Amino acid sequence: MTRKISWFTAMLMGLLPLAHAAPEPHPAQQAMGIAQVEEAAAPAQIQPADAQPADAQPVATVVTPSVAGAPVRNSELKFTNVAPPPGSLALRGIRTDGQIEFGVRSDELVTQAVLHLTWRPSPALLPTLSHFKIYLNDELVGLVTITPEQLGKESQTTVNIDPRFISDFNRVRFELVGHYTNICENPANSAIWLDIGKESRLDLTLQKLPLKNDLSDFPEPFFDSRDNRPLQLPMIFASAPNSDEQHAAALLASWFGVRAQWRGQSFPVLYNQLPQQQHAVVFATNAHRPDFLKDYPAVDKPTVEIISQPDNPYQKMLLVLGRNNEDLLTAVKGIAQGDVLLRGQSATVEQVKQLTARQPYDAPNWVRTDRATRFSELQQYENQLQADGIQPSPISLTLNLPPDLFLVRARGIKMDLAYRYTSPLQNDGSRLAVNLNNQFMQDYPLQVKDDSGKQLLHIPLIQGLQDNGTSLTIPALRLGVINQLRFDFDYAATVIGGSSDGRCETVSPVTNHVVVDGNSTIDLSGYRHYIAMPSLRAFANAGFPFSRMADLSQTLVLVNAQPQAEQVSALLNAVGNIGAQTGFPALNVQISDDWSKAKSTDADILLIGTVPDDLREDSRINLLVERAKSWVNKPMRQAVLDNVDTPAGDRTAASRTTIVSDGPMAAIIGFQSPFHDQRSVVALLADSPRAYQLLNNALLDSGKRAAIYGSAAIIRESGINSLRVGDSYFVGHLPWWERLWHALASHPLLMGLFAVVVVLLVALMVWRLMRLVTRRRLGNEDDE
């Protein structure tokens with residue numbers, strides 16, 4: 001990674017040649033006659049962490065001079081993408097701060113930054129006295145004074161930011177200093193406000209920096225955690241890859257998906273060519289290489305190497321090399337399991353050995369279901385469980401759950417909640433409110449006390465509220481795959497005003513500190529795994545049923561023997577998306593181009609690009625796409641919203657329509673495996689290169705994924721239409737008495753009939769028992 005230091009400092013320390021050394025040439029570049037500046041071949045050294053002084057401070061990032069001829073790009077950071085939802089910033093009297101955050105890649109340098117603000121102040125503010133300040137990394141970079149002409153009206157302001165203050169991770173903070181009266185002012189008055197609109201943006205000009213060929217910083221520059229954009233990483237093959245090459249690429253794509261997390265990821269595939277102005281991954285064996293690597297030396301072991309692209313020293317290639325296809329897979333497993341050991345320009349993988357097998361539902365991104373989970377295990381960044389301010393910001397945690405967790409009519413989820421807070425001035429109604437998926441659950445008073453608060457909280461799945469004999473039942477708190485648990489510490493505002501004798505009583509507001517203890521727990525253990533299938537919603541949002549095993553050890557992916565580039569990209573995007581959802585790479589996924597393997601393998605099946613001939617007429621397949629001809633089964637009644645409890649009669653196919661068109665169309669379909677009752681098949685199908693783009697975009701876009709559900713999702717230029725049609729089946733285990741209770745609870749008439757039958761049986765048994773007692777008593781009397 002290139003450290004950004006000042007030109008003057010670099011000259012004094014003699015570090016400039018090392019910091020911006022030109023990339024090393026590789027043999028293919030030398031064969032083309034491309035002149036390169038040779039790097040000093042100094043051995044890499046590791047500085048121990050304890051070698052720094054204890055009081056050492058981070059070096060401030062200072063802009064370096066422009067490099068002549070370096071590529072430059074412009075980036076527009078819109079507030080709709082970088083500001084908290086809904087994309088605008090509302091500055092209020094007691095919540096005067098708002099901020100946006102952005103990062104700068106290690107291989108780029110900001111040379112210019114301009115902030116364009118669209119804002120509207122309260123008409124009640126005092127002009128000139130009221131203003132707002134702009135900070136970049138706690139450095140004041142702008143001050144905007146509110147004039148009389150701007151009160152209550154939309155205004156635009158442009159602020160030039162000194163790029164020397166921009167570092168790797170950056171925070172632009174806005175602070176309102178608002179006043180509405182000169183005397184006896186209440187800072188919590190609702191008249192103090194200023195809104196910064198969604199149209200605001202930050203324009204950056206970034207220049208490429210040359211990087212050394214060093215794997216020590218891997219996965220940079222191929223993936224940079226500072227870059228909040230979706231990861232786009234091209235993968236290059238000499239020609240159409242076979243199943244083994246696709247296997248290696250899919251494993252690496254899943255590993256990069258784990259790194260990309262919430263950003264999203266896509267993996268365009270190219271044959272025998274390099275992308276324009278992008279870093280790329282190249283897969284090559286000694287006998288099967290792209291033309292631009294023909295003269296590259298052969299390898300004798302699985303090898304991972306980083307070099308510059310032949311025609312662009314600012315773009316890097318990650319070479320995954322081997323003697324054969326098995327070496328490619330070993331090299332990728334070495335990256336996935338031993339990336340922290342990579343260093344230097346080239347590394348060989350001697351051995352990769354799995355020591356412990358994965359267990360079902362142990363995905364790192366999922367809440368544990370075998371024991372209680374501490375909140376500290378759910379943290380995604382430092383200080384996530386605490387907040388400060390006169391009105392502290394909400395504290396949120398994300399709960400990712402297995403889609404098949406059976407919570408229907410459960411007793412409730414146990415959560416032990418411990419928290420600490422700054423005591424209010426008096427017992428004034430300040431409260432802690434707990435919300436799940438924006439639905440209120442419970443609140444607790446914040447009282448004046450010395451000890452910490454601790455409560456035992458049960459999250460009810462169905463919560464009933466009663467008021468003076470009137471029963472009100474709110475809808476069930478539905479837990480999905482991704483859930484937001486939010487804690488709002490609401491402090492009552494102190495009213496400031498004049499006293500009875502005409503004096504102004506002023507109370508200086510203090511900053512409150514609130515903490516949700518990391519040792520708080522939520523317990524999801526003891527619940528069974530049982531789900532109605534097919535469920536494309538579970539696949540789109542959690543990769544289920546393949547993600548049941550985080551390493552995809554019970555997944556078989558069927559691919560084409562001679563795939564198109566778009567089909568390979570669909571495979572990589574699908575597996576990469578599952579890796580992002582589970583947090584673990586697909587180390588043990590099985591990939592084959594032989595359909596007969598599916599008959600002998602107990603695994604869930606993912607079909608890419610085609611449907612085998614013996615399944616084309618299967619009644620369980622709701623949609624098939626083949627070239628430009630398609631047919632679809634539509635149900636008797638299609639619900640507006642997805643409903644897994646739709647009666648079977650409504651899901652029965654009522655019509656079949658065949659349409660021929662030249663427009664692109666893709667589809668995702670799900671059905672039960674014809675070989676194993678507890679296994680499922682998901683097929684990703686498209687009829688053209690453009691249709692594959694629509695398919696990939698649908699899997700990568702969180703908004704579009706929300707529209708995927710049921711058993712078939714049709715993807716067109718206009719959007720996504722999902723259908724729930726055909727037979728359903730169940731995956732998982734549920735005892736017969738729980739299945740019976742679930743079936744009766746879903747059908748009130750059957751429950752009523754069952755209750756009548758039970759009452760009659762009990763009455764009959766009581767009657768028979770009474771007759772037996774009567775006979776015995778009469779018999780005893782006769783004997784006497």
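Predicted model: local features only at pLDDT ≥ 70, side-chain atom pairs only at ≥ 80, totals over all residues.
Colleague: Which residues form one aromatic cluster?
Modeller: Residues are numbered from 1 along each chain as its sequence is written, and side-chain values use heavy atoms, with hydrogens and water left out. Rings of Phe, Tyr and Trp (its six-membered ring) pair if their centres lie within 6.5 Å; planes under 30 degrees apart count as stacked, over 60 as edge-to-face and the rest as tilted. One cluster is formed by Phe218, Phe222, Trp255 and Phe256.

Colleague: What kind of pair do the rings of Phe218 and Phe256 make?
Modeller: The structure holds 14 aromatic pairs. For Phe218 and Phe256 the ring centres are 6.2 Å apart and the planes stand at 75°, so the pair is edge-to-face.

Colleague: How many residues apart are Phe218 and Phe256?
Modeller: Helices (H or I, at least four residues) and strands (E, at least two) are DSSP runs, numbered from the N terminus. Phe218 is in the loop between E10 and E11, and Phe256 is in helix H5 (residues 243–260). The pair links distant parts of the chain, and the separation is 38 residues.

Colleague: How many residues apart in sequence are the parts that Tyr419 and Phe489 tie together?
Modeller: Tyr419 and Phe489 form an edge-to-face pair, 6.1 Å centre to centre with 65° between the planes. Tyr419 belongs to strand E22 (residues 413–421) and Phe489 to strand E28 (residues 482–490), so the separation in sequence is 70 residues.

Colleague: Is Tyr419 buried or exposed?
Modeller: Buried means under 20% relative accessible area, exposed over 50%, and partly exposed in between (1.4 Å probe, protein chains only). Tyr419 has 1% relative accessibility and therefore counts as buried.

Colleague: Which residue is joined to Phe218 by a cis peptide bond?
Modeller: The bond has omega of about 15°. Phe218 is joined in cis to Pro219.

Colleague: What is the strand order of the open sheet of 4 strands?
Modeller: Two strands pair if DSSP finds at least two bridges between them. Pairing in this sheet is antiparallel, and the order is E21-E28-E23-E24.

Colleague: Which strands stand at the edges?
Modeller: An edge strand here has a single partner strand, so one side of each is left without a neighbour in the sheet. The two are strand E21 (395–400) and E24.

Colleague: Which residue in E24 is the bridge partner of Leu436?
Modeller: E23 and E24 run antiparallel and are joined by 6 bridges. The partner of Leu436 is Gln439.

Colleague: Is Asn438 buried or exposed?
Modeller: Asn438 sits in the loop between strand E23 (431–436) and strand E24 (439–445). Its phi is near 65°, a positive value in a residue other than glycine. At 66% relative accessibility, Asn438 counts as exposed.

Colleague: Is Tyr361 buried or exposed?
Modeller: Phi of Tyr361 is also positive, near 65°. The residue is in the loop between strand E18 (346–348) and strand E19 (372–374). Since its relative accessibility is 13%, Tyr361 counts as buried.

Colleague: Which element has the lowest mean pLDDT?
Modeller: The protein chain averages a pLDDT of 80, with 76% of the residues at 70 or above. Strand E12 (residues 235–237) has the highest element mean, 96. The lowest, 33, belongs to helix H2 (residues 16–19).

Technical notes
pLDDT = per-residue confidence, 0-100.
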